[in-house]
Amino acid sequence: MTLAQARRTALAAQGLAAARPAAPSDSPSAPARRVTMAGFQRVVDRLGLLQIDSVNVLARAHLLPVYSRLGPYDTALLDRATSTAPRRLVEYWGHEASFVPPSTYRLLEWRQRRYRTEAWGSISGAEVDHSGEVREVRTIVHERGPVTAAEVERLLTSRHPRRPDAWGWSWSVAKRALEFLFFTGEVTSAGRNNAFERRYDLTERVLPRGVLEAPPVTDEDAVRALVEIGARAHGVGTVRCFADYFRLRGPAPRQAVLELVEDGVLVPVQIQGWDRPTFVHRDARTPRRAAAQTLLSPFDPLVFERRRLAELFGTHYRIEIYVPAHKRVHGYYVLPFLEGEQVTARVDLKADRRTGTLRVMSAHRDEPCTVHTPAALAAEVSTMARWLGMEQIVVEPVGDLAADLSREVALLR
């Protein structure tokens with residue numbers, strides 16, 4: 001495969017090769033395209049997971065991949081999918097914290113069984129350090145679930161108060177116990193409240209009955225199935241790409257790839273300029289052209305694996321949320337702009353909900369940015385502003401694309 005063919009294959013696998021369906025028109029007389037649950041489900045099925053992140057400077061991270069592929073949609077669809085039985089999505093540790101289909105949750109039970117090595121210390125040690133509290137919390141969830149961590153904490157505070165010097169990721173005993181039960185699969189999220197807090201309940205009361213009654217999956221079969229989900233979502237990639245999709249480590253993913261090759265699910269391929277074993281999924285397609293124009297979340301599956309992103313698109317991308325402000329190059333919450341089969345720009349966006357303003361904190365060119373990029377990006381930023389309910393757009397004079405983008409945004413008003 002040429003690099004361009006591999007790029008288009010990757011975009012097609014992610015549902016990012018074709019132009020998005022037309023967004024709702026500003027004209028009240030024109031019919032607005034409505035994204036249905038079926039359309040939402042197709043995106044979920046294609047991606048295999050939605051990464052969760054609490055940063056809300058623009059919109060919650062798990063909301064954006066669906067927008068990138070379908071355009072403006074009613075985010076209540078995700079609430080229904082995660083909070084209403086039978087659930088189409090449930091939470092677990094996939095690619096970090098993630099929404100996954102209930103059937104995929106069962107594939108991740110191997111991680112629950114290995115919690116002593118897979119979970120970080122504050123969780124894996126909870127059963128030893130706070131065994132009594134774990135039993136108390138288990139009882140509370142059983143009797144009162146779904147409950148938030150704050151509700152559980154209030155019940156236990158008198159006995160196990162939070163340290164006065166605790167901050168940030170320093171969790172209370174109740175929170176540690178809940179996260180231990182969550183990691184080991186005894187409890188899960190029955191949805192989130194308006195403050196984005198998990199509402200914990202017994203897993204047996206959340207997963208669909210058919211999924212609960214399915215037989216357990218062995219570790220080997222689970223890893224193989226997860227690797228295939230990652231391979232299908234990538235279209236083309238390396239063992240590292242496929243394994244990273246669900247944060248799989250060790251030799252098991254490589255063995256899974258060998259078995260999938262033997263079964264004809266994956267086909268070895270040589271990509272021009274790549275010097276390591278690469279594979280294409282048998283269901284992947286390679287369109288002749290890519291026509292999407294959309295903004296990608298910093299947590300979009302297309303940008304999960306940074307080396308692959310750089311090699312396919314020539315884009316060196318770094319999430320700078322955790323970088324001190326004075327050391328940031330492009331901004332705090334930067335979204336790459338996909339134009340056709342190239343990433344041609346990146347913008348740092350902030351939704352100022354108090355004033356109803358979408359603020360473009362900076363705008364930078366990426367090669368190969370063209371003369372058409374400012375107008376295309378302006379149209380996309382305008383579409384996103386409408387989706388977020390922002391009435392105006394302000395482009396700050398930061399970045400080598402800011403002036404051109406500001407001019408194009410003004411022409412749309």
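1. Is F196 buried or exposed? F196 counts as buried, at 14% relative accessibility, where buried means under 20% relative accessible area, exposed over 50% and partly exposed in between (1.4 Å probe, protein chains only). F196 is not a glycine, yet has a positive phi of about 65 degrees. The residue sits in the loop between β4 (187–192) and β5 (198–202); helices (H or I, at least four residues) and strands (E, at least two) are DSSP runs, numbered from the N terminus.

2. This is a predicted model, in which local features need pLDDT of at least 70, side-chain atom pairs count only at pLDDT 80 or more, and totals for chains, interfaces and linings use all residues. Residues are numbered from 1 along each chain as its sequence is written, and side-chain values use heavy atoms, with hydrogens and water left out.

3. R247, also not a glycine, has a positive phi of about 55 degrees. R247 is partly exposed, with a relative accessible area of 31%, and belongs to the loop between α15 (239–244) and α16 (252–262).

4. Two cis peptide bonds deserve a look. One runs from G145 to P146, with omega near 5 degrees; P146 is in the loop between α10 (131–144) and α11 (149–156). Another runs from E367 to P368, also with omega near 5 degrees, and P368 lies in the loop between β12 (357–365) and α18.

5. On the lining of the second largest pocket, α4 (76–83) and α18 (373–388) each supply at least two residues. The largest share, four residues, comes from α4.
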